Structure formats: C-alpha cells, structure tokens
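Here's a quick tour of a protein model, made for a first look. Keep the 3D view open and follow along as we go from stop to stop.

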Amino acid sequence: VQLQASGGGLVQAGGSLRLSCAASGSILRINVIAWYRQARGKERELVASITSGGTTNYADSVKGRFAISRDNLKKVSLQMNSLKPEDTAVYYCKADSVYGGGSYYPNIWGRGTQVTVSS
C-alpha cells in the first residue's frame with residue numbers, strides 16, 4: 001500500500017491549485033486521510049483532514065480557502081483557492097488506520113509535492 005501525491009506547482013498569489021492523493025494497492029478501508037505541509041525551516045503542520053465518514057478539519061490559516069474532499073475510497077483531493085505566498089511549502093498526504101493487502105497500517109505517508117506561490 002502506497003500513497004502518491006500530485007498536483008503541485010507554481011502559481012501566482014490569488015491563484016488556485018488542486019492536489020490529489022491516491023492510494024495504490026488492495027485497500028479495504030482508510031479511516032482518515034490528511035494533508036500536511038512543511039515550509040522551509042518550519043515544522044510540518046496539519047492543513048486539512050477528512051474521515052471515512054466525511055468529517056473535515058482545517059487549520060485556521062486555510063479555512064475558507066482550502067477544501068478537502070474524498071473522491072472515492074482511495075483518492076482525496078485538496079482544492080486550494082486564494083493562495084498566498086505563505087502557503088508555499090511541500091505538501092504531504094497521510095493516511096491513518098489503513099486496512100489493505102491483508103495488513104493493518106497505523107499510518108502511511110506519501111511523498112511530498114511542492115507548492116510555490118509567488119507574490
């Protein structure tokens with residue numbers, strides 16, 4: 001079971017990007033999928049999360065601008081609007097409580113995708 005993040009890039013302030021996180025492998029259940037980000041010189045922080053039941057949670061800094069959605073069992077998207085230079089970071093997706101491939105995984109991290117917002 002692996003996670004693959006995609007959709008990063010360079011955008012001007014005020015623009016939009018859509019990130020995707022897709023799980024590969026035989027998946028039975030993923031309880032929570034979340035997006036984190038890590039800016040240079042800073043600690044990794046939670047951006048948004050969504051449970052299998054659809055409950056969402058957002059960092060205060062992105063509320064009203066970002067929207068996380070669960071496309072299906074194995075794919076989650078993060079729509080990022082009104083981007084600011086301070087949103088520049090490497091974005092990672094993480095899956096918690098994964099049942100798949102005959103195994104249980106407490107958490108799985110995907111490789112990051114760079115988001116750069118120019119002023």
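Let's start with K42, which sits in the loop between β4 (27–38) and β5 (45–51). Bear in mind that what you're looking at is a predicted model.

- Is K42 buried or exposed? K42 has 59% relative accessibility, and the cut-off for exposed is over 50%, so K42 counts as exposed.
- Now find A89, which is 47 residues away from K42 along the chain.

**A sheet of four strands**
- Trace the strands in the order β1-β3-β8-β7 and you've got an open sheet with antiparallel pairing.
- Which strands stand at the edges? They're β1 (2–6) and β7 (66–72), and each has a single partner strand, so one side of each has no neighbour in the sheet.
- If you ignore direction, neighbouring strands of this sheet are turned by 15° against each other on average.
- A bit of background: what holds strands of a sheet together is backbone hydrogen bonds, and the pairing can be parallel or antiparallel.

**Zooming in on β7 and β8**
- These two make a hairpin, with two residues between β7 and β8.
- Strand β8 covers residues 75–80, and its antiparallel pairing with β7 runs over six bridges.
- Then look for A67, whose bridge partner in β8 is Q79.

**A buried lysine, K94**
- You'll find K94 in strand β9, which spans residues 89–100.
- Why does K94 count as buried? Its relative accessibility is 13%, and buried means under 20%, so K94 falls in that class.
- The side chain of K94 also has a polar contact of 3.4 Å with the side chain of D96.

**A nonpolar patch on the surface**
- Three residues, L28, Y99 and Y104, form a nonpolar patch on the surface. Together they have about 350 Å² of accessible area.
- One of them, Y104, belongs to strand β10 (residues 103–109).
- With 43% relative accessibility, Y104 lies between the 20% and 50% cut-offs, so Y104 counts as partly exposed.

Conventions: Residues are numbered from 1 along each chain as its sequence is written. This is a predicted model: local features need pLDDT of at least 70, side-chain atom pairs count only at pLDDT 80 or more; totals for chains, interfaces and linings use all residues. Side-chain values use heavy atoms; hydrogens and water are left out. Patches are made of residues with over 30% relative accessible area and no salt bridge: like charges are joined within 9 Å, nonpolar side chains (Val, Leu, Ile, Met, Phe, Trp, Tyr) within 5 Å. Accessible areas come from the Shrake-Rupley method with a 1.4 Å probe; for residues, only the protein chains shown count as cover. A salt bridge is a side-chain nitrogen of Lys or Arg within 4 Å of a carboxyl oxygen of Asp or Glu. Buried means under 20% relative accessible area, exposed over 50%, partly exposed in between (1.4 Å probe, protein chains only). Two strands pair if DSSP finds at least two bridges between them. Axes are lines fitted to C-alpha atoms, for helices over the stretch in contact, and angles run from 0 to 180 degrees between N-to-C directions. A polar contact is a pair of N or O atoms within 3.5 Å; within protein, one must be able to donate a hydrogen and the other to accept it, and residues adjacent in sequence count only if both atoms are side-chain atoms.
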